[in-house]
Amino acid sequence: MEEVDKILIHALKQVGTDVPEEVDSVKLFSSELVVEAVVSCLRVIDPGLGQGLPTSLPPGMSARFRVGMSLAQACQDIGYKGELGYQTFLYSSEPEIRSLLMFLVEKLPRGSAESSDQSTGKSMLLHKGIAAAMKAELAVPWLPLNCRLHRDAPTHAPDVLYHFHAQPLSLVHSPAGTQPCKEEREYHRDLLPPVTCQISHQPGVVSSLLEQHTAECSAAQEWNHEWNNQGLLSRLTPHEYRLRKRCRLRQRIEEQLRSAAQSSSDTGSHSASDLSDLLQTFKGHSSNAHMLTKGSHFNHTQKFTFTQVCSTVMQVWGGGVENLMNLMNLMNLMNLFYASSVHMYFFDMLCTDGILLLSFHKVLNDINKRDRENEMKRDQIQVKKKTMDLLPHAEENLHKIQALVETSAKRVLSLAAQWEKHRAPLIEENRRLKEICRIQDVSTELESLPQDVSRSAYTQRILEIVSNIKKQKEEIFKILSDTKELQKEINNLTGKLDRTFAVTDELIFKDAKRDESVRKSYKHLAALHENCNQLIQTIEDTGSILREIRDLEEQIESENGNKTVANLERILEDYKASNLFSPMMG
Amino acid sequence: MESSESVQRGLKLLADPCVFEPRSFSVMLDVCFRSVLVAPGDASVLDHPELKNLDQILVKQSHTAVVTFVLECVKLNTDKSTLSSCLEELSFSAERIEIFHNKLVSPVHALFCNIICLFSLGRRLPEINDVSWRLQYQIKSAQVDKVDEPFYLITLNTEVNKEAESSEDVNFSCTVEQLQDLVGKLKDAAKSLERAGQM
């Protein structure tokens, strides 16, 4: 009962009834409180119905009577099927009030019973804002161009329309977080014109400022997004993560440029479109998540040897490499920043520079290829010379070579075993960390669940109650089966008793005609039977009387809850009060 | 309202009373508003005697930040509460917020901001001002001997865009059914607009 009362009071508080703190059960509800609760529920369920009803009982007796009747009528209109009348509200009894309040609380629309409205999402707000703005614009009357005042300008087209043309601005601080050098600082301090003077056309100033701001904001957002999704997984600091990403992109650019340079040296045609195609192709791969997975040990060594080859080749190229790296830096920056304001002539300049560099590098490439071929041929000559030298002692040399081959095979095997040994714990750790991640995700999900304490407590209680009821059901079944057993035994015994008595009775009666003592014993038997019957009867009567006592006690308890005496006294007082008035009014 | 790091940094400098005293604060705001609205391209706009004592780098940083912030405020049409909450986060004192807000909504600045800066940027379809129509009756044509049909010639006068230096009137001819179809579609569009406004 306490849980039910608590739920009722909670719901009534949310509807707007002012339930005082010390009232924690329906028993303690006064008539005023009952009326207030019922009226506030009615107002939520059906505003039209509830508007005409006052929240408090008026002082006059007849007015109170009328209010009680209207409340009862309203509740019955909604669909309450129990007995209702003015007496339910003026002279309330606990079970009636409880059932009425339960009915009303169930009828409350779901939205008002929820405390936190988490459905006003951003999209709903946006839609509402859009609808309000459209309504406001529709309400403004149309005026011809000559009659329009400037204050209406936002809603109507202005005289002049400039195109949104953003140009890059040079700002004072450096975005990458590196400290500028002394000369730069002097330039910033003394010579750099203020931002608004860097562009001559005023709308251009506005567009460039807005564009610059949007670029910074979206770059920050993208970085946040990337860091939250992939950066945290890689478990590096932001600085290391950025460095690694830069190295990766640089490698990819190198590969692409090299392959494109080689293919263009085969076809023999250079044009700006090649470079732009190049840039297009690796721009398309920019979201390749494959690059982020941790490679195995062998993959890393492979990449490492490749970069070593690259760097040695690059060193041979000498000064041209610097330009190439600058070119790649530039393209790196272009790719990493969200630049919507790159002009085509800037890009073309870059392309022509690229063409010159490529042709220069192609020539160097050819020279290097020839050199490498020469090297290879020299190596081959050396090997052949050595084999010629070894030929005279062919047998022992063959044995030596075989021994060498065996030792190297054994070494390979041992290395593989070592690698396996290393791999197993790493895999274990990987699995463990994945577990931890999963647990963390689950716990964050759990925390983000809405903290609705009362609901979970109630569900717990409900589950407890359900299990209790199950146990009680089992006990009742046991008791019922015991009772049935007992009853069967009683029936058996009674039957046996009757049969034995009938047999004994006949037997002794036959002999009683002749013998005096047998007649006496027959009388004793009859008396014994009679007395036992009476005993059994008394026992049964005692049992039924005990049951009646229990029923009456329950009835007394329930009637005591009705406060009938208090209500009767109040009715008497009210009757007296109304009688006092009526003779006056005559 | 989102602002980038550089804007936040510049505004924090502006809010700092050690860097910008109250007098130089209001002078700075005036200078910033003038530089973007009244006299753009004027390189001497930051050469105010009050601002000469301060570090020019800080002055330029906060100038950029304030100008960007003002343009963003006007673009998003922020009300006073959003503006004050943004500035409070950047540790502006209440009186400085008040001064900023007053300068932002003062009639002079608001007028310039709205008309000159932002609403004259962008591309727009020409707005229809007026309609003139002519009903003609076609009797014959070179291909067909007998036509006997009425046609409408409709001209939609649009607003003149001074930069484009041409009036982009829309001229077309249509049959009666096509005109009815067009009017029906316009009515549908108006109704759906009203419905969207009531959502």
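Predicted model: local features only at pLDDT ≥ 70, side-chain atom pairs only at ≥ 80, totals over all residues.
Helices (H or I, at least four residues) and strands (E, at least two) are DSSP runs, numbered from the N terminus. As for bookkeeping, residues are numbered from 1 along each chain as its sequence is written, chains are lettered from A and ligands numbered from 1 in the order in which they are written, and side-chain values use heavy atoms, with hydrogens and water left out.

Let's start with chain B. It has seven helices and three strands, and going from the N terminus the elements read α-α-α-α-α-α-β-β-β-α. Of the 199 residues in chain B, 38% are buried, where buried means under 20% relative accessible area, exposed over 50%, and partly exposed in between (1.4 Å probe, protein chains only).

Now look at the strands of chain B. They make an open sheet of three, in the order E1-E2-E3, with antiparallel pairing; two strands count as paired if DSSP finds at least two bridges between them. Strand E1 (128-138) and strand E3 (170-174) of chain B sit at the edges with a single partner strand each, so one side of each has no neighbour in the sheet. On average, neighbouring strands of this sheet are turned by 15° against each other, direction ignored, with axes being lines fitted to C-alpha atoms (for helices over the stretch in contact) and angles running from 0 to 180 degrees between N-to-C directions. In general, strands of a sheet pair through backbone hydrogen bonds, either parallel or antiparallel.

Zoom in on one pair: E1(B) and strand E2 (residues 149-158) of chain B run antiparallel and are joined by ten bridges. One example is Gln136(B), whose bridge partner in E2(B) is Phe151(B).

The loop between E1 and E2 of chain B holds Asp148(B). Its phi is near 55°, a positive value in a residue other than glycine, and Asp148(B) is partly exposed at 33% relative accessible area. Ser91(B) also has a positive phi, near 60°, and lies in the loop between helix H4 (80-89) and helix H5 (94-105) of chain B. For background, most residues other than glycine have a negative phi.

What about disulfides? In chain B, Cys73(B) is in no disulfide either, and the nearest cysteine sulfur, in Cys86(B), is 7.0 Å away. Both cysteines are tucked in: Cys75(A) is buried with a relative accessible area of 0%, and Cys73(B) is buried at 2%.

Over in chain A, Leu210(A) is part of helix H10 (residues 202-234) and is buried, at 6% relative accessibility. Leu210(A) and Ala166(A) are 44 residues apart in sequence, yet 8.3 Å apart in space, C-alpha to C-alpha.

Technical notes
Disulfide = S-S within 2.5 Å.
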